Amino acid sequence: MLASLPLLLAQTAPVDPAVQASGGGLTRFLAMLVSGIALGAIYALLALGFVIIFKATQVVNFAHGAIAAVGAYLTAYFAVTLNFPGSLIGGPRWLQWSLSAVVAILMTAVVGLVLERLFIRPMIGEPLFSVAIITLGIDILVRTITDDFIGTGVRPVGDPWGAGIWNIGGIRIAQTQIVTVLVAAAAMVAVAAFFRSRTGVAMRATAFDQEAAMAQGIGVGRIFALSWGIGAALAAIAGIFASVFPRSPGVMATTTAFFAFRAFPAVILGGLDSVGGAVVGGFVIGIVEVAAGTYLSPYADVLGVGFQGIVPYLVMLLVLLIRPYGLFGTKEIRRV
Amino acid sequence: MRNIKHRRLIASVIALGLLATACGDDEPEVSDTPTTEPADDGTEPTGTETGTAAPEDIKFDVGVTEDTITLGLLADLTGVFAPLVTDIVSAQEVYWDKVNAAGGIAGRQIELIVEDAGYDVTRNVENYEKIRNEVAAIPLAVGSPHTAAIVPSLEEDDMVVVPLTWYSGWADPEIGSNVLEQGTNYCLEAMNVLSWVNDNHEGDSPPTLAIISFPGEYGQDGATGAKIAAEELGMEIVYDGEAAVVPGQDQTAVISEIVRTSPDWVFATTNPTTLGEIMGGAVAQGFQGNWTGSVPSYDFRMLDSPLAEAIDAYYYQSAYNVAFGTDVPGMQELVDAMTEAEPDARVSDAAVLGWIEATIIDTVLRQAAENGDLTRAGILDAALSIDSIDFGGLQPTQTYAGEPNDYVLRESAMFKPNLEYYNEGGGASATYANGGNTGSELIQDFFASDLAANYDYQGACFTG
């Protein structure tokens, strides 16, 4: 069994010569920027989901991460375990995987609708604080069940890009990072288009004044459900791309669900009720976090372990000191 | 009114009774069963035969009855080491079922209590409190800081544990006299691994090194050993990431430093998923150095992830025991038992680990039974007196008798994850029934480097 020693260890080239040849500073900056934008795209998707649910229902959904994990798990299940619907219709691998992901995203949206109908709708008219606490309960419930399905190991989502790298002008970019940004951009455009549609306008009206919206014949319950459905779908997309190379080896119990909480600074930074703010906040926080990790890492001895995780909160605090409702949040006026 | 008074009286009597029972639980009494002097006929405490003391003549206390011996597993079934520990627990269950089917130990059936702490120190302490008056020994205790937190209680209870942690402090009687460590500790392991790296490096000068680790007794014990080795071997540490890796956090800073400093080798003391994040990030940025690390850093299931090719190309795996399926005498019994009990379960290197841990406690209990003393103090005495526990080549023989510097294990083996070999065995579909493998090929049989062999063990390498 003693295998022949694969000792090709002599003077390995630790960094790809293409990377070294392209120069240090600029390459490093651009690589950081790409990585930050890709992370920011995931944060932006998560933040969008948070904001849409908040705008429509005035509830901060603490179960958002658990829902993201549902989407990621379902993608792994449909794409890797079942290859559904790919095995039925054939076609190139990227198409088969994309269809599996779409099925998973739609099913996660249904999960969002069901959660809203079971736990949130009965709470209409109750104090918002109570509803927010209920979402904490939903988080534990959904996360526990999802973690059971995920199991103890890592479940790769089976995306067709794998560990593929594109070398663009000497800058190495993971293919998944490009796909993440493109998909996130498409999702954001879709959300913007939705808000211009008739139903989207109804959602905006509901967000502005529920009673007035009802008086105009808008089904507020239906809008609530829709916001949870859309929010869940966005969370699922974020969950999928948070579980791919190079950021993660796959979907993991607890870890995938908790990832969503890292998007909180993005939500607050942008403004809890601002769709545009969620997008801007997501990208800002993503880039700031990666930049801090990249450029401050030599000072980890002084700054402490995990300092890059704190930097987004520092940025958020700084912004809140100047603009208490976030960059784009609606200023709330109270007369006393 | 009379009824109420009557009920109060009954309630008071019941309460007093419960109180008395509760008090009695605190100091478990040794059984009144007559005892005999331990017989000594030279019988080896291995196999499935009962020891020389008649079962009814053996002293016993907590966790042992006339018919049963209860053991506790302090597991992590939901935390960062869940994949590893789940397989270990499964292998231990199969092992003890096999022991029970063969008549048990000293005529007693083995019962297991499994508690999950999710790799949380506080929960682990709570779990120990829950089982401390119910079990005779603990053949699995996960986590270095987790086990360290219960050491005072273990000593108070005369409880022996086999830790799923290779912290170098366990052999130090001042830290863990009740902890029956298994395999070579993180510190000596790091010396072996880096000696192997250095020996196989063909450059003019020793290879450069990055060290990355979790904070705490696990990560920093490995990192300390790596630093000792690097200094002795003249390896330059271009990035010192000791304690810089915190699971669940963003790893950009660590990745960035690895890529920036561009070492020939990265030595990791982390867990597999975190290593996957870091390795993925570094490889994506073009880093092509080699990787190795403490055993728990790697899980063969990483070969199912997009990192498979990078693992195949760059990762070298250290080992305290042989991988599943390696051709050693003790393997067949394990393979047969797992195949019969769990034919459709996925093969796992951790099964070997679970088997070894159970073998330690099995041997100790048989020795205690042979000594006629299955009290916890008797089990501890037996553990500290056995000359040699043989694992049939699954790992080097182990003892806890004598001076720590004489008995600490110093050998490691090296394996290479091999994607082609893994896929030939069925990859993710490899089960015990279909004879699959974990993709780990032995490239260096057990060896003790000069550094490890000559290391004067006087206690833990890392003490916090």
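**Overall features of chain A**

The structure is a predicted model. Chain A contains 15 helices and four strands. Of its 336 residues, 51% count as buried. Among contacts in chain A between residues at least 6 apart in sequence, 74% join residues at least 24 apart.

Two packed helices are described by the angle between their axes and the distance between the axes. The table gives both values for each pair.

| Helix pair | Residues | Axes come within | Crossing angle |
|---|---|---|---|
| Helix 2 and helix 7 of chain A | 25-57 and 175-196 | 9 Å | roughly 30° |
| Helix 8 and helix 10 of chain A | 198-208 and 220-241 | 10 Å | roughly 105° |

The axes of helix 2 and helix 7 of chain A cross at roughly 30°. Because angles under 35 degrees count as roughly parallel, helix 2 of chain A is roughly parallel to helix 7 of chain A. Helix 2 of chain A passes helix 7 of chain A in a left-handed crossing. On the side of helix 2 of chain A, the contact is made by A:Val34, A:Ser35, A:Ile37, A:Ala38, A:Ala41, A:Ile42, A:Ala44, A:Leu45, A:Leu48 and A:Ile52. Helix 7 of chain A contributes A:Gln177, A:Thr180, A:Val181, A:Ala184, A:Ala187, A:Met188, A:Val191 and A:Phe195. By class, the residues of this contact between helix 2 and helix 7 of chain A are 15 nonpolar, three polar and no charged.

For helix 8 and helix 10 of chain A, the axes cross at roughly 105°. This angle makes helix 8 of chain A roughly perpendicular to helix 10 of chain A. The residues of helix 8 of chain A that make the contact are A:Thr199, A:Ala202, A:Met203 and A:Thr206. From helix 10 of chain A, the contact involves A:Val220, A:Arg222, A:Ile223, A:Phe224, A:Leu226, A:Ser227 and A:Ile230. The contact of helix 8 with helix 10 of chain A comprises seven nonpolar, three polar and one charged residues.

**A residue of chain B**

B:Glu340 lies in helix 11 of chain B, which spans residues 331-341. With a relative accessible area of 71%, B:Glu340 is exposed. B:Glu340 and B:Val94 are 246 residues apart along the chain, and their C-alpha atoms are separated by 9.3 Å.

Key: Residues numbered from 1 in each chain as written. Chains lettered and ligands numbered in written order. Predicted model: local features only at pLDDT ≥ 70, side-chain atom pairs only at ≥ 80, totals over all residues. Heavy atoms only, no water. Helix = DSSP H or I, 4+ residues; strand = E, 2+ residues; numbered from the N terminus. Buried < 20%, exposed > 50% of the residue type's maximum accessible area, 1.4 Å probe, protein only. Contact = heavy atoms within 4.5 Å. Axes fitted to C-alpha atoms, helices over the stretch in contact; angles between N-to-C directions. Parallel < 35°, antiparallel > 145°, perpendicular 65-115°, else oblique. Nonpolar A, V, L, I, M, F, W, Y, C, P; charged D, E, K, R; others polar. Left-handed = near helix turned anticlockwise from the far one by under 90°.
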